[in-house]
Amino acid sequence: MRKVDLLIIGGGPAGLAAAVSAYEQGCRDILILEREDTLGGILRQCIHNGFGLHTFQQELTGPEYAQKYIDRVIDYQIPYQCNTMVIEITKEKQVTAVNRSNGLQHFQAKAIILAMGCRERPRGALAIPGWRCSGIYTAGTAQKFVNLEGIMPGARVVILGSGDIGLIMARRMTFMGAKVLACVELLPFSSGLKRNIVQCLDDYDIPLLLNHTVVDIAGRERLEGVTVAQVDPETKRPIAGTEQYYACDTLLLSVGLIPENELSRMAGIDLCADTGGPSVDENLQTSVSGVFSCGNVLHVHDLVDFVSEEAAKAGAKAWRYITDTLDKNLKSMPIISGFGVSGAVPQKIHVGNADQPVTLMFRPKNVYKNAKVCVTAGEKEIYRHSSRILTPGEMVSLKLTPEALRQISDAENLTVKVEAS
Amino acid sequence: MLDVIIIGGGVIGCSVARSLARYDLKIALLEKAADICEGQSKANTAIVHGGYDAKPHTLKAKYNVLGNQMFGTLCTELDVPLKWNTSLVVCFSEDDIPKLEALKKQGEINEVPKLRIIGREELHKREPSLSPNACAALLVETGGIVCPYELTVANAENAAENGVLFYRNAEVTKIEKGDSCWVVKSKAGAFETKAVVNCAGLYSDAINAMVSEDAFKILPRRGEYYILDKKYADVFHASVFQLPTKLGKGILVSPTVDGTVLIGPTAEDILDKSDIRTTPQGLAKALKFGSLTWENIPLRDVITTFSGIRAHSDRDDFILGEAPDAPLFFNASGIESPGLTSSPAIARDLADLVAERLDAKENPNFNPIRKAIPKFREMDDLERAKAIAANPDYAKIVCRCETVTEAEIREAIRRPVGAQTIDGIKRRTRAGMGRCQAGFCTPRTIQILCEELNLSPLEITKFGEDSKLLHSYLFGKGEQRHA
Ligand SMILES: Cc1cc2nc3c(=O)[nH]c(=O)nc-3n(C[C@H](O)[C@H](O)[C@H](O)COP(=O)(O)OP(=O)(O)OC[C@H]3O[C@@H](n4cnc5c(N)ncnc54)[C@H](O)[C@@H]3O)c2cc1C
Ligand SMILES: Cc1cc2nc3c(=O)[nH]c(=O)nc-3n(C[C@H](O)[C@H](O)[C@H](O)COP(=O)(O)OP(=O)(O)OC[C@H]3O[C@@H](n4cnc5c(N)ncnc54)[C@H](O)[C@@H]3O)c2cc1C
């Protein structure tokens with residue numbers, strides 16, 4: 001059993017930023033474990049630009065953004081193992097991993113950072129009726145084929161779901177000579193970033209069909225077409241008579257991401273039903289002491305800059321845990337998702353731990369125009385901010401200042417909610 | 001000249017192949033699809049039925065009970081996952097208890113041992129997740145669950161190891177009378193053989209009609225299912241059936257040997273035997289009746305849906321034996337549920353009959369033992385370390401949901417009657433069967449297939465023919481990359 005101070009599972013942007021930050025705080029015994037053959041995570045296949053506007057004030061591609069962190073990991077000589085998959089973690093912070101050259105490895109860590117990212121929801125999860133033919137891919141799998149392997153999965157494409165990966169792939173497939181017929185979205189609004197809708201659909205005249213879904217899949221062997229129908233915005237049920245057939249050989253699914261928490265579950269870590277990730281406190285510590293979590297495994301982010309920021313915090317707090325300087329035995333207070341709010345992170349906060357601002361993130365449940373975001377502690381309002389528009393496609397990130405946090409000590413909980421006008 | 005040609009590589013054809021390999025005969029199996037186990041045998045409920053359900057004195061009743069008794073030894077010999085988890089037939093109204101009694105009586109006539117009616121208390125103690133409305137049940141101690149595709153593949157592998165030849169992509173198109181033999185024409189060429197065994201499932205009526213006037217018809221009957229994530233592996237222990245009522249019949253909630261949960265199947269007569277579509281109506285129905293057993297089925301953890309098509313014969317029973325007007329042509333037709341359960345017994349009796357008619361001697365070299373591909377996910381640490389030391393490919397996990405390693409995938413391809421398609425790998429290793437449904441592992445699995453079979457990625461299919469996965473190279477022909 002090898003001992004290590006800080007073990008980081010996942011070498012994507014979250015794992016890398018956590019490692020860099022822990023190092024900069026003083027941690028020298030770090031190990032990053034990554035199952036792919038290189039560091040960088042999902043960004044390796046995101047060859048479009050638009051990354052790093054917040055962090056570096058410039059537009060980088062995914063690989064460029066990742067490389068900035070990889071370079072620092074290399075400069076600092078932070079050890080990492082690629083081609084290494086973690087297959088088990090325990091409450092006692094023991095980690096089992098496999099890799100070709102070292103075989104089965106066991107580690108005992110003082111602290112662990114979970115940074116495993118997320119996976120895509122497949123067709124099966126939607127139970128779309130029809131044939132089970134080839135030609136149906138998640139957008140991310142298609143992205144991997146096109147951007148990393150140089151192979152096109154198909155030539156005539158319909159996209160179901162308007163998540164960012166789906167939108168980006170609409171443009172990418174168009175660039176590469178495919179015809180994208182439509183992007184079909186069940187909800188009355190897109191779940192992708194506004195800028196991606198403009199730059200990936202509008203610029204290429206790809207129709208976005210809101211309140212629509214795929215109701216049938218045709219093609220015994222390879223996909224031959226899909227039937228799209230309008231849905232009732234209330235019941236989400238297809239409306240008979242509105243069916244339209246699109247002849248296509250490829251259906252890409254961009255219908256949601258699920259944080260990858262099989263390992264967390266194994267370690268008995270409490271998960272949050274809303275986010276699909278661990279429940280954490282303001283230090284990003286999970287219910288298992290010394291295990292921290294950040295990035296898409298904690299909750300699905302739309303901007304990597306937020307991932308890096310969150311991960312840097314996890315790295316710093318893990319180091320404080322290791323050096324036994326992380327605040328302990330403080331009273332904790334749950335954070336409640338009120339009206340219009342889904343999956344607020346962190347899920348709890350420690351009263352009296354108010355030396356630093358706390359970032360609170362959530363997704364609006366709906367589209368709200370000219371709305372306010374409020375945080376209340378009991379009767380007391382400790383945060384208020386007006387927004388021209390809130391949409392589920394864009395996470396809200398707000399900072400509670402130490403001054404605000406000092407006011408909450410006597411409350412039962414914190415509630416974050418939207419006040420729609 | 002061959003001694004026997006078996007038509008169809010489902011569980012029946014492959015079991016017959018294995019049973020016939022016990023004799024000193026030259027045997028070939030012809031399968032129309034790109035792989036064995038592409039028909040009913042891959043898409044069913046996977047229950048080893050006790051035998052209470054079949055009408056007494058039918059072949060179904062006889063072979064169900066016989067087959068059930070053979071399953072333990074069979075699965076040990078073939079190293080196939082089997083679990084005696086018991087079956088329950090539940091009812092939701094006290095008024096229906098006499099019907100449970102009748103079912104029990106029927107089972108006793110069929111000679112099913114240890115049937116028992118249990119009341120509300122024992123029922124809910126056994127199955128705490130069961131709907132509170134369930135008030136009594138028939139408990140079938142001899143009910144079990146099995147992995148149907150692993151069983152089919154295991155039979156085929158063992159048959160091949162004992163000398164049976166397998167031809168895939170070999171649809172039989174015609175059977176003619178030759179000089180004291182049959183001439184079987186197929187897409188893989190013509191074969192002369194002394195005897196033919198028709199195990200063509202849904203198409204066994206057409207095969208029979210090629211040689212016999214004694215016609216029957218196979219009527220396709222579709223069943224649709226949901227599969228739920230392994231998270232719910234412990235929610236139900238037994239396979240929970242519902243007592244057939246006016247409203248519905250046979251929709252069950254059952255754990256599978258792999259820890260997922262199966263809900264279904266519906267029963268719908270359809271016209272097209274190959275129509276394996278799922279439908280909004282069918283899925284809704286499976287859900288509606290499934291919810292009687294398990295209230296609030298967690299739909300967000302559905303990992304996939306599928307349908308299977310039963311080969312129901314117009315004679316309403318299995319059709320087994322030599323055709324009356326076609327000597328040395330044998331049928332194993334109309335094999336619907338409990339066909340999986342019956343397969344070992346059907347195969348044994350048919351093989352004995354064929355051997356007797358051919359006056360065959362025993363094969364002294366027959367080896368009944370087949371070892372499964374060692375599964376990384378089932379090993380303990382010591383076994384894992386050992387497996388990796390012997391083969392570093394065991395340290396490369398390809399399918400993360402099901403923890404399937406590269407070593408397992410390569411072995412699945414290299415084995416006798418090995419996988420050549422993505423679905424073939426899936427059935428042999430579970431790669432791609434988990435909660436992400438192959439989103440993550442498909443690219444790597446394609447690469448491995450290419451390396452092992454010396455194909456280009458553009459040639460790899462999901463299940464043969466035109467089910468190709470990829471369309472074109474972006475740059476040139478991709479030769480450098482994939483040479
Ligand atoms: C198509 C697409 C477009 C995007 N566009 C933008 C954009 O324009 N701008 C922007 O700012 N953001 C964008 N994002 C979002 C941003 O890239 C992600 O939020 C970010 O990459 C998440 O980082 P992560 O480290 O949490 O996860 P990941 O990048 O997924 O990294 C997780 C890593 O953990 C590894 N891992 C998982 N399990 C294990 C295990 N058991 N053992 C070892 N290793 C393991 C994985 O292999 C992976 O490398 C986009 C994302 C996608 C997918
Ligand atoms: C929905 C459903 C649920 C079921 N549940 C259960 C259960 O719980 N328990 C149980 O015991 N049984 C069950 N069964 C029954 C069981 O699955 C079948 O009885 C069994 O699989 C039949 O096997 P088979 O080999 O006869 O048919 P198949 O598996 O269909 O095999 C026939 C093969 O013949 C091939 N073929 C067809 N025509 C030709 C040709 N011209 N040339 C060459 N090859 C050809 C086909 O491609 C196919 O591979 C169920 C069946 C269904 C459909």
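Predicted model: local features only at pLDDT ≥ 70, side-chain atom pairs only at ≥ 80, totals over all residues.
B:Asn454 sits in the loop between α12 (442-453) and β23 (472-473) of chain B; helices here are DSSP runs of H or I with at least four residues, strands are runs of E with at least two, and both are numbered from the N terminus. Its phi is near 55°, a positive value in a residue other than glycine.

B:Asp359 goes in the loop between α8 and α9 (381-390) of chain B. Phi of B:Asp359 is near 60°, again positive in a non-glycine residue, and B:Asp359 is exposed at 68% relative accessible area.

## Cis peptides in chain B

Most residues other than glycine have a negative phi, and most peptide bonds are trans. B:Gly264 and B:Pro265 are joined by a cis bond with omega about -10°, and B:Pro265 is in the loop between β16 (261-264) and β17 (268-269) of chain B. B:Ser337 and B:Pro338 are also joined by a cis bond, with omega about 5°; B:Pro338 belongs to the loop between β20 (329-333) and α8 of chain B.

## Ligand 2

B:Pro338 turns up again here: one of its backbone N or O atoms lies 3.5 Å from an oxygen atom of ligand 2 (a polar contact is a pair of N or O atoms within 3.5 Å; within protein, one must be able to donate a hydrogen and the other to accept it, and residues adjacent in sequence count only if both atoms are side-chain atoms). Ligand 2 exposes 1,000 Å² taken alone, and the protein buries 97% of that (Shrake-Rupley areas, 1.4 Å probe; for residues, only the protein chains shown count as cover).

In total, 38 residues surround ligand 2, with B:Glu31, B:Ser41, B:Ile47, B:Ile335 and B:Thr341 the closest (a residue is near if one of its heavy atoms lies within 4 Å). By class, that shell has 18 nonpolar, 15 polar and 5 charged residues; Ala, Val, Leu, Ile, Met, Phe, Trp, Tyr, Cys and Pro count as nonpolar, Asp, Glu, Lys and Arg as charged, and the others, Gly among them, as polar.

## Ligand 1

A backbone N or O atom of A:Asn296 lies 2.8 Å from an oxygen of ligand 1, while an N or O atom in the side chain of A:Arg35 is 3.0 Å from a ligand 1 nitrogen. Taken alone ligand 1 exposes 1,000 Å², and the protein buries 95% of that.

## Conventions

Residues are numbered from 1 along each chain as its sequence is written, while chains are lettered from A and ligands numbered from 1 in the order in which they are written. Local features need pLDDT of at least 70, side-chain atom pairs count only at pLDDT 80 or more, totals for chains, interfaces and linings use all residues, and side-chain values use heavy atoms, with hydrogens and water left out.

Terms used
Buried < 20%, exposed > 50% of the residue type's maximum accessible area, 1.4 Å probe, protein only.
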